[in-house]
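Subject: The structure I promised you

Hi,

Here is the structure I said I would pass along. Have a look at it first, and then read on for my notes.

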Amino acid sequence: MNKTNYDVAIIGGGHNGLTTACYLAKAGLKVVIVERHEYVGGAAVSRELHPGWTYSNCSYVCSLLRPEIFRDLELAKHGLQIIPYEGSASMLDDGRFYAHYQDHDLTYRSIAQFSKKDAEAYDRFGKDVMRQCKIIKPLLKMTPPDPTSFAPKDIMGLFEFAKYFAAKDELGGLGEKEIYDTIRFWTMSVRDYLEEYFESDIVKVHLAGSAIIGTALGPYSPGSAYVLLHHYMGEVDGTVGAWGYARGGMGSITKAMASSFKANNGEIIAGSPVTKILIKNNKSYGLVLENGDEIYANKIVSNLDVKRTFLKVVEEKELPGDFYKAVKNFKIRGSSGKLNIALDDLPIWKSIPVGDPAGTGDLHITQSIEEMEGAYDDWKDGKWSEFPYVDMCIPSINDPTMAPQGKHYMSVFVQYVPYNLANGGWTEEKRLEFGKHVMGRIGSYSKNFNDIINHAEIRTPKEIEAEVGLTEGNIFQGELTMDQLMFNRPVPGYAQYKTPIKNLYMCGSSTHPGGGVMGAPGANAAREILKDLNKKISTHYI
Amino acid sequence: MKKFDIIIIGGGHNGLVAASYLSKKNKKVLVIEKNENVGGLAEYADNINCISPIITKELSINATNTNNTNHIISLEDHQNHTVLEDNNGKLSFIKTNADEHDQKNFLSIINNYKIFSKTLGSFMFKKPPRVKSGNKADILQLISMGWKVRKLGKKNMRELLRVIGLNIADDLEDNLSNDNLMGLLSHEAVLGTNLGPRSPGSILTLLYKQAINNNVFNLKNIEVGNYINLLEESCNKNSVEIIKSTEVKKILTQNNSVTGVQLNNGEIFESTCVISNTDPKTTYLNLLGAEILDTDFIRRTKNYRNKGNVAKLELVFENDININGVDNNMYGKFIYAPNIQYIEHAFNANKYNKYSENPCLEFYVNKNILSANVYYVPHLANSNHQENEIIKKCISILSKFIPDMKISKEKLITPNAIEAKYNVAGGHWHHGDLEIDQLLMMRPFYGSAQYSTPINGLYLCSAGTHPGGGLTGINGINAAKKVIGDLK
Amino acid sequence: MNSSEISYKKPLLETPFHKRTSENCYSNNWYRWAGYKVVNEYSSTELEYTAVRNTAGVFDITPMHKYEIKGEDAKQFINKLITKDISNIQSNQIAYGIWCNEDGMVIDDGTIFCFNENHFRIFCAERNLNWFSDTATGFKVTIEDISTSIAALAFQGPLSCKILNLLKVNNIENLKPFHFDNYNIENHNVTISRTGFSGDLGYEIWCDPSQAIDVWDSLFKFNRDYKVLAAGMSALEMVRIEAGFIQPNVDFMSAEQALRPNRMRNPYELGLGWLVNLEKKYFTGKQALIRHKENGIEKKLVGLDVEGDKPAVGSVLYDNSKKNKAKEIGIVTAAMWSPVLKSNIAIGFVNKEHYKLGSNVYAEIYHPEELDYRKIWAECKVVKRQFFNNPRRNAVPAFK
């Protein structure tokens, strides 16, 4: 039996685990990452699941990754390049298409085809959402203060929070009206929110997509407007709200992080699932691996979701009853599926002409918010959506490394797919049927799609859970609802990356500010750990 | 041309409360009511637990508890109904198919909610403070609200801050397994709102209603007609002038100040103070007219969500009504919302402006008369529902529990009908959805909260103001106090 | 080209004058304006500017937003929209007005053409369809965006009237400032208004897009003797600064578009208080403007006469002649060397201690000189924003 001592051991090499690891290693600590798979990356991976093709088989586009982290970890030096893409489009049943382009005037005219008023309102909407992005941006970096605590740092935190909103110059002096607007934005349904700006179905549904991706909410659910932020607050080179591909697939991000980590003398133990966190006297001190090896460390950090951490690798007896119950009740319902498709040719759409940049971004086929909500109704009943919302993109158009010459890779994100099917659970047959159904829906908007499919990987929340380890296949490591955000995330009283077990921390998307390939939870956790160790590092983020 | 100190548009119960309060302060008050009788929407309110203490205190009105409904019956398809007894807010099971664990958890959830709603309750009776108005009183009130929440203690405060944004279904499913009990509590949470059990915010609506009613189950203890009569008497006693069967056409203004009202027949009453008890949309867009309102304000008025979705069904039977599996002496408030999914499915239709194929029911039985709230029957902007179809659906549900139904008379009042009769845009019980963005200082919307309006001398006192509907009279009292304060 | 057809290859629309403007745009220097491609500089901004001040210049202003207001409440609607009172407006008269939001913050300005009580047309710089439509709630009016169905030229300069006269535009010399009428230019029916951005004699010509090229050509018909030049946006920017006109989202943020609430400006701050009539019964923002007037303003957009000859573009303004003791008191929004005035002029915000005419403030100018910046600490005098205002502008008849 091998026994090794480290300053910090991190369970799971997802992008947040890697981010935490990098910052801690930069501070001169001896850090090890223990990863279940032979490769790191968690849900940000590139995998050759079909010979010649590289799939970003979980997450597929990049925007939220905090630029400070990119810079601190020198990810460019370690091989990461982000390629911004042009736009997005929704294909209509009547043969037209609706598109957003990088060019503002072109976007205006594209919307004006459907409604001049909406085309104009889009600017006002953009401004109002941008204001919310500005408001939330510093909050992402913040360890949420505990509003119930009387500890000086929490009181100060709350005070800072209040001061921030009261400030005259920051945010351009928010007035009473803007504060109410913020509360409204955080609590309203995306449908109600969009109704205040737009009249055209296709405009509303195209914009609403961002609010439901990955969530167990429908567009009519209060709180869904806020989720828009999780898809708007990102940026590519200062263009807020822009999205891009990581060259070589999403795995390039975590590969670069791993390389940065190793450059700082970090160690990665791959292919070694952790079976148990060693705890004595309410203090964690090590890990047990599947092969029986034990690893000792002063600090243990879990990149696993909160459920997996405390229901699988920590024994119940080590946990306070309230905490255990709260973890059990943590909402982490999977609602998304994913198809990764190897194509022999470029799909030709019935509506979008070949060469139009609208076809090179994310593509959608949902016709109205009602249809989208109907897809959610199916999910609530334990069925996959008959008319699913799909977020499709073909990274190989922009990224030559993803598929053989002349061939293409298509990533299809599908909303909604339940973790448990009502009529008897998932079977291999049903999984294939689900995939066929989605491809059929896509096929009906294309002239050649059905004939060019070379290979398809079909993933339901079950497969996502099995491969990535995300409980119930929830891509955000926990739903982004009001009861699970900020100081409530993941569990009230434990929103500061610490746990009831001393020396055990959390750094995954289960913690504030939540999911998306952002790196903020990982960096925030690193900051808290360094604080506890009285170590200081000077970086852009921390 | 007659002159009054204060004119109140609409003799709904908040209008009467305000009138009575103001007349006690020696103001010459006129109430103008569109219909033959005062009371407005109260006509359809089955449930009031008690007269809210603020009414008793300010108006010395105390209706005695005449009906003493203290049973809650949650109907179940296989006749395994749950019957609860309510003894002044203390609940106990008379019969149920739920196991002991569930019974215990059910009562403990309700107790938890009670603690939270008490905290919220302390916000309900006061005028809500404004955020960042720069006004000291507002800041102090905000701090005191924060303090009250903190006083809950760490554990409860954390739980409150969590459930406030949660949906009722999740919290129930975390703690219970009995469908009937979960349906019952979900019903209380969503009735009269535009939410389903799985909509975030549906616990908040329950806490909110609980805070207003001082009980999780709103029961028919007070005869509403009787209460309205007492209010009317109180008005008469203090020589409030009440004109009935008269509709206000326009609120008159000059230089951004109220000068009076004009009736449909052209007659004008003068006053420098008008309180509107109609809903905000009707008040602003119809009675006042958008022409004299700022464009941003018009936008907010239009964005106010006020789609009603509860219909009232009245059935008269040839014989006295007997409910299967429930003893006569246990009759009380009947609820048919058998499980969460059933309610959620009913809610699905509402989202698409369709009535529920399988609606939820809440009803009371009085000998051969059955009066029910049916939801979801959404208000339609440009058309009407097939009322007969809805009645048929209801009867087919009721026939599961009432043997040999012989109905001699049936009547359905949809939100559209309520809108037409009472001038309540959207026919909404609460004159507008009870969701976070339309509560407290944001009710009904920015620029119109705290009972005042952009027009000097014009006030709101309807359910569209804080704290919403529910026959509490708080809106009326608070508005009247605001008027008195401003007149000083 | 059908304007409703969109193609990613042509993100910008071409105006009906495009054939002519592109032929003359030797420098291939284009400018984006409201989704259109318009010329920034044809060949030399200096010469184009000089033509406007010396003979006449022709600007393609088709991208202006144009809204048709029709209906029995049209006049009441306008009166609710804008801050000044147009109750007494006559047919064929034009009003210049601004509109504000509920907080009294300026959204945009525009010229409002009165055809009759029930028919108006608004020309403005920003898109306003939503604001107009929401403002129209409760009024019997229809609001239509007619931006693409009218071609427009600004014909500005001392000879503008003479040339129209040579083109036999009947009685054009008697068209009064801020009036318009229907005329005929070589058998084409056009609407001509005596309006413009130049602060000089000038007209704006509105016609059907199908006649655009003919109308354009007519204006250049007498070029052998009277050299008229097509002028680009750069020249327009120069003359509008000299005339003291301000532009939303250049000199101030439109209240509908400002991300930061404290970037919005009220009319008093913009020096447009004269456009606000608080006696008027009702308009959006009236209550807020009453408060603004009472409370006074913290800063004001003023004209600045800047020492030296280096334009104070983007300069920060200070209160003291000594740099190390100076406090920031404002910012320049537009600046230029004025060839016609031979002075260094600027428009900028200064705080309330300094907005009185004659006050002295100091601009820190970063002047680029051969890959280096010279930092100049220039004294500025607060002056009237209207730097250039030739008596020709308002003379009737305009031409004898």
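Predicted model: local features only at pLDDT ≥ 70, side-chain atom pairs only at ≥ 80, totals over all residues.

**Where chain B meets chain C**

Across the interface of chain B and chain C there are 13 residue pairs in polar contact, counting pairs with both residues at pLDDT 80 or more. By class, the side of chain B that touches chain C is made up of 6 nonpolar, 3 polar and 6 charged residues.

The contact involves 15 residues from chain B and 17 residues from chain C. Together the two chains bury about 1,400 Å², and carbon and sulfur atoms account for 42% of that. Three residues stand out here: E291(B), T295(B) and R299(B) supply 38% of the area that chain B buries against chain C, more than any other three residues.

Salt bridges between chain B and chain C number 3.

**Where chain A meets chain B**

Now for the other interface. Here 45 residues of chain A are in contact with 36 residues of chain B. The area buried between chain A and chain B comes to about 3,700 Å², with 53% of it from carbon and sulfur atoms. On the chain A side, T148(A), E176(A) and Y180(A) supply 18% of the area buried against chain B, more than any other three residues.

Which charged pairs can you find across this interface? The rule gives 10 salt bridges between chain A and chain B; one of them joins D437(B) to R184(A), with 3.6 Å between the closest N and O atoms. There are also 19 residue pairs in polar contact between chain A and chain B, again with both residues at pLDDT 80 or more.

Four helices of chain A each supply at least two residues of the side that touches chain B: helix 5 (152-166), helix 6 (176-187), helix 13 (321-328) and helix 14 (369-380). Helix 6 of chain A gives the most, with 7 residues. By class, this side of chain A has 19 nonpolar, 9 polar and 17 charged residues.

**A barrel in chain C**

Do turn to chain C as well. There, 6 strands close into a barrel in the order 15-18-17-16-19-20, with antiparallel pairing. From one strand to the next, the twist averages 40 degrees.

Within strand 19 of chain C, A363(C) is the bridge partner of L317(C).

Helix 7 (residues 233-243) of chain C lies across strand 17 (328-338) and strand 18 (343-351) of chain C. This helix runs at about 120 degrees to strand 17 of chain C.

**Salt bridges overall**

Over all chains, the structure holds 73 salt bridges. One that I would pick out is within chain A, where the side chains of R47(A) and E467(A) meet at 3.0 Å, N to O. R47(A) lies in strand 3 (residues 47-50) of chain A and E467(A) in helix 16 (residues 461-468) of chain A, so this pair ties together parts that are 420 residues apart in sequence.

Best wishes

Notes. Residues numbered from 1 in each chain as written. Chains lettered and ligands numbered in written order. Heavy atoms only, no water. Contact = heavy atoms within 4.5 Å. Buried area = accessible area lost by both parts, 1.4 Å probe. Salt bridge = Lys/Arg side-chain N within 4 Å of Asp/Glu carboxyl O. Polar contact = N/O pair within 3.5 Å; in protein donor to acceptor, adjacent residues only side chain to side chain. Nonpolar A, V, L, I, M, F, W, Y, C, P; charged D, E, K, R; others polar. Pairing = 2+ DSSP bridges. Axes fitted to C-alpha atoms, helices over the stretch in contact; angles between N-to-C directions.
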